[in-house]
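Dear colleague,

Please find below the structure that I am handing over to you. My notes on what was found in it follow directly after.

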Amino acid sequence: MERTKGFSLAKGPVGIIGAVLLAGGILGLLMGSTDFTTSAPDGDVTGGTFLGIEGNGWTWLLFAAAGLILLLSAPMHWGAKTMAMIVGLAMAAAAVLALVDGSDVLGVFATNGATILAFGIAAAALLLVGMLPRVGRKRR
């Protein structure tokens, strides 16, 4: 008996979220701040805003790197799910740290309320997508 694997529900959304994060990171670097100064671990850093999201060079690089990792992992079901969970947890950690600090993440990534919201939405979406199964398995 031969079995088909079915269709992955995670690959498409991971690719879309990855493309959005990559585009946002690149556009933020081009249109927002490209300041790569840090004041780790407990100092304050600021950056420019793009579409209401505050970010310095490190913030935009975080968005772009997360998007690129997601895009590269999207073609395979297990890779898409794994990277969605890893990047989702990283974004959730960044959102929580920024919420606690108020103005940045560990003195490296500049944030404001919109940046925290973007981190949180990306984290929630990725963690949800990371739990999506394959559907349509059949025996032939």
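Leucine 51 counts as exposed because its relative accessibility is 75%; in these notes buried means under 20% relative accessible area, exposed means over 50%, and partly exposed lies in between, with a 1.4 Å probe and protein chains only. The residue sits in the loop between S3 and strand S4 (53–55), where helices (H or I, at least four residues) and strands (E, at least two) are DSSP runs numbered from the N terminus. Although leucine 51 is not a glycine, it has a positive phi of about 55 degrees. Most residues other than glycine have a negative phi. Leucine 106 likewise has a positive phi, of about 55 degrees, without being a glycine. That residue belongs to the loop between strand S5 (104–105) and S6, and its relative accessible area of 46% makes it partly exposed.

Please note that this is a predicted model, in which local features need pLDDT of at least 70 and side-chain atom pairs count only at pLDDT 80 or more, while totals for chains, interfaces and linings use all residues. Residues are numbered from 1 along each chain as its sequence is written, and side-chain values use heavy atoms, with hydrogens and water left out.

Overall fold

The protein chain contains four helices and eight strands, arranged along the sequence as β-β-α-β-β-α-α-β-β-α-β-β. Its C-alpha atoms fill a box of roughly 60 × 30 × 20 Å along the principal axes. Of the 140 residues in the protein chain, 39% are buried. Among contacts (heavy atoms within 4.5 Å) with a separation of 6 or more, 71% are between residues 24 or more positions apart.

Largest pocket

The largest pocket holds about 300 Å³ of space. A pocket here is an open set of points on a 1 Å grid over the protein atoms alone, where a 1.4 Å probe fits, with protein on both sides within 12 Å along at least five of seven lines; lining residues have an atom within 4 Å of a point. Grid points are joined across faces, edges and corners, and the volume is the space filled by probe spheres set on the points.

Helix H1 (11–31), helix H2 (57–73) and helix H4 (113–129) each supply at least two lining residues, and H1 gives the largest share, six residues. By class, the lining has 13 nonpolar residues, two polar and no charged; Ala, Val, Leu, Ile, Met, Phe, Trp, Tyr, Cys and Pro count as nonpolar, Asp, Glu, Lys and Arg as charged, and the others, Gly among them, as polar.

Aromatic pairs

The whole structure has four aromatic pairs, defined by rings of Phe, Tyr and Trp (its six-membered ring) whose centres lie within 6.5 Å; planes under 30 degrees apart count as stacked, over 60 as edge-to-face and the rest as tilted. Phenylalanine 36 and tryptophan 58 form an edge-to-face pair, because their ring centres are 5.0 Å apart and their planes stand at 90 degrees. This pair joins distant parts of the chain, 22 residues apart: phenylalanine 36 lies in the loop between H1 and strand S3 (48–50), and tryptophan 58 in helix H2. Phenylalanine 36 is partly exposed at 37% relative accessibility, as is tryptophan 58 with a relative accessible area of 31%.

Phenylalanine 63 and phenylalanine 119 are stacked, at 5.2 Å centre to centre and 25 degrees between the planes. They also link distant parts of the chain, in helix H2 and helix H4 respectively, 56 residues apart. Both phenylalanine 63 and phenylalanine 119 are buried.

Asparagine 112

Asparagine 112 is located in the loop between strand S6 (109–110) and H4. A polar atom of its side chain lies 3.3 Å from the backbone nitrogen of glutamate 54, and a polar atom of that side chain lies 3.1 Å from the backbone nitrogen of alanine 114. Leaving out residues up to four places away in sequence, asparagine 112 touches Thr49, Gly52, Ile53 and Glu54.

Yours sincerely

How values were computed
A polar contact is a pair of N or O atoms within 3.5 Å; within protein, one must be able to donate a hydrogen and the other to accept it, and residues adjacent in sequence count only if both atoms are side-chain atoms.
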